[in-house]
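Please keep the structure in view while going through the numbered points.

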Amino acid sequence: MDLFLYALKRIGVSIMTLLLVTAITFFLMNAIPGSPFMTEKSTPEQIAQAEAKYGLDQPLVVQFVNYIRNYLHGDMGTSLKMQEGTAVTTILFGQDKFIISIKLGVMALITAVVVGIPLGCLAAYYRGKWIDSLLRVITTLGVAVPSFVTATLLLFGLGVNLGWLPVQSNSLPDAASYVMPVMTLAFYPSCYIAKLTRTSMLDAISQDYIRTARAKGVKTKVILFKHALRNSLIPVITYLGPLTAGIITGALVVEQIFHIPGLGDYFVSSILNRDYPVIMGTTVLLAALIVIMNLVVDIAYKIVDPRINITKKGK
């Protein structure tokens, strides 16, 4: 029952968060002076006709209410520029753009978790030894280096100089095309997760139940990887929400660097062209993914640590 109430509360907060993001994006986007139909050859009459056609001549509050109403019915509007008259849902979901971006993000997320947690455990197990020192140097470097620098180094190293991997991934035909983008997206979170895991495991080792296990003669490996690891994963699980947000938003930049035909291409183009419906559709879609992932993480956090009290914890 406690878990159900906690989940219900988090679902309500998630819905309010998504609505707030939608409102902020909508009104800030429309606060920019000018019109999306303004060109060197357009006349005021032509601009007024185009705005009336798409309902942009109405008050902003009315436009926002209409947008929310249509969105709840699955209508995200139509493109004003890139593919005029084409539904935004068709642009986002009908050309595998969304699938490519999600696949890239999921692969990077799984890689970060699979690589980061074992490295953190390894560093904690060999605390104070050369392996621990080496891993700390690598993880500190990984946290400090921006993703576009990592992408550039991989492009020149593995792509241009060695020729092991394709430099451009225009169609992502095979697994090799995913390697460098996934490595770029996963490098920072892998290092951060490794640091989190190491710190958490060292803190867990100093707890009384670990000392009791040692006194009973339990082997060190069993203590670390069975008893201490579970509590050490709580900060990692907490980080998965922001990590998902970072990977999704960071993927937009990485897609541009590696010429990946994902949502990043449409998102950047829609901003440059002031294609309001595509901007809103892409932003709300990404925000929904982030909110859903945070919701899943919050519920998982409650399952891992049942001591969380929904009446006291105001996350």
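1. A nonpolar core is a set of buried Ala, Val, Leu, Ile, Met, Phe, Trp, Tyr and Cys residues joined through side-chain atoms within 4.5 Å. Here buried means under 20% relative accessible area, exposed means over 50%, and partly exposed lies in between, with a 1.4 Å probe and protein chains only. The largest nonpolar core has 37 residues, and M180, L185, I193, M201 and F258 are those with the most contacts inside it. Two or more residues of this core come from each of α5, α7 (147-161), α8 (176-205), α9 (208-215) and α10. Apart from it lies another core of 15 residues, including I91, A245, F267 and L286.

2. The model is predicted, so local features need pLDDT of at least 70 and side-chain atom pairs count only at pLDDT 80 or more, while totals for chains, interfaces and linings use all residues. Residues are numbered from 1 along each chain as its sequence is written, and side-chain values use heavy atoms, with hydrogens and water left out.

3. The chain has 12 helices and 0 strands. Helices (H or I, at least four residues) and strands (E, at least two) are DSSP runs, numbered from the N terminus. Of the 315 residues of the chain, 42% count as buried.

4. Which residues does I193 touch beyond its neighbours within four places in sequence? Contact means heavy atoms within 4.5 Å. By that rule, I193 is in contact with A112, V113, G116, I117, V236, Y239 and L243, those neighbours being left aside. For the chain, among contacts between residues at least 6 apart in sequence, 73% join residues at least 24 apart.

5. The unreviewed UniProt entry places the feature "transmembrane region" at residues 12-32, 98-125, 137-163, 175-194, 236-258 and 278-297. UniProt positions are given in the numbering used here, feature names are shortened, and annotations may be inferred rather than shown by experiment. In the model, residues 12-32 are 95% helix and 0% strand, with end C-alpha atoms 31 Å apart. Residues 175-194 are 95% helix and 0% strand, and their end C-alpha atoms are 26 Å apart.

6. On a 1 Å grid over the protein atoms alone, a pocket is an open set of points where a 1.4 Å probe fits, with protein on both sides within 12 Å along at least five of seven lines; lining residues have an atom within 4 Å of a point. About 430 Å³ of space lies in the largest pocket. Of its 19 lining residues, Y54, L56, Y67, G77 and P277 are the closest to its centre. The elements giving two or more residues to this lining are α1 (2-31), α3 (60-72) and α12 (276-304), and the largest share, 4 residues, comes from α3.

7. The second largest pocket holds about 220 Å³ of space. Among its 15 lining residues, I102, G105, V106, T244 and I248 are the closest to its centre. At least two lining residues come from each of α5 (97-125), α10 (220-257) and α12, and α10 gives the most, with 6 residues.

8. A last point concerns G74, in the loop between α3 and α4 (88-93). Is G74 buried or partly exposed? G74 is partly exposed, with a relative accessible area of 46%. The C-alpha atoms of G74 and T89, 15 residues apart along the chain, are separated by 8.2 Å.

Technical notes:
Grid points are joined across faces, edges and corners, and a volume is the space filled by probe spheres set on the points.
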